[in-house]
Amino acid sequence: MFKSAIDAESNLAILEPRHAAELYQLVDESRDSIGEWLAFPKKTNKIEDSKIFIEKSLKRLTENNGYWAGIWHKEKMAGSIGFLYMDWNTRKTEIGYWLGDNFKGKGLATKAVSRFILHAFHNLDLNKVEINAARTNEKSRAIPERLGFQQEGIIRDYEYINGEYRDRVVYGL
């Protein structure tokens, strides 16, 4: 399936059921840090949960409505990135991403997002790409800012995570 190099040591590839154990292990090892910003780690309690997520992602791919890919660095799964949906009427999508604790600070997320942006505009002929990040998640917000996205607004109390409401910053390119 889809595979793309992002640098000499890293690549992206569509998540497949055979990746479920590796995905689960990465989530489990980084549960606290990922769970600080995203809800899914609390719902990922066994390998089967990762397998179900991957199967849903592949179904969305076949329906032309987004998908998730793994980010690999030196042959180890480092994180994940995805098109959360495809709005073909307005020709836009939103990119989501996360990295495991041992892979942060290497530029992997920025490179992966950059590759997804190129794919969105050049291969999918989309008009707009959005990225949403929690207002207080400075590291995640730095990625769209670094890549030339414009801050388009803040959605107050967008989600409820870890007992508190979180605002979301919306970026667009």
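Ala, Val, Leu, Ile, Met, Phe, Trp, Tyr, Cys and Pro are counted here as nonpolar, Asp, Glu, Lys and Arg as charged, and the others, Gly among them, as polar. By these classes, the lining of the largest pocket in this predicted model comprises 21 nonpolar, eleven polar and eleven charged residues. The structure also holds six aromatic pairs, one of which is formed by tyrosine 67 and phenylalanine 116.

**Largest pocket**

- The volume of the largest pocket is about 1300 Å³.
- The lining of this pocket is made up of 43 residues, of which Ile34, Leu38, Phe40, Tyr97 and Trp98 are the closest to the pocket centre.
- Strand E5 (residues 92-99) supplies the largest share of the lining, with six residues.

**Aromatic pairs**

- A pair of aromatic rings is described by the distance of the centres and the angle of the planes.
- In the pair of tyrosine 67 and phenylalanine 116, the ring centres are 5.9 Å apart and the planes stand at 55°, so the pair is tilted.
- This pair links distant parts of the chain, since tyrosine 67 belongs to strand E3 (residues 67-73) and phenylalanine 116 to helix H4 (residues 108-123), 49 residues apart.
- Ring pairs join Tyr67 and Phe116 with Phe83 into a cluster.

Note on methods
Residues numbered from 1 in each chain as written. Predicted model: local features only at pLDDT ≥ 70, side-chain atom pairs only at ≥ 80, totals over all residues. Heavy atoms only, no water. Phe/Tyr/Trp six-rings, centres within 6.5 Å; stacked < 30°, edge-to-face > 60°. Helix = DSSP H or I, 4+ residues; strand = E, 2+ residues; numbered from the N terminus. 1 Å grid on protein atoms, 1.4 Å probe; cavity = no way out; pocket = protein on both sides within 12 Å on 5 of 7 lines; lining within 4 Å. Points joined across faces, edges and corners; volume = space filled by probe spheres on them.
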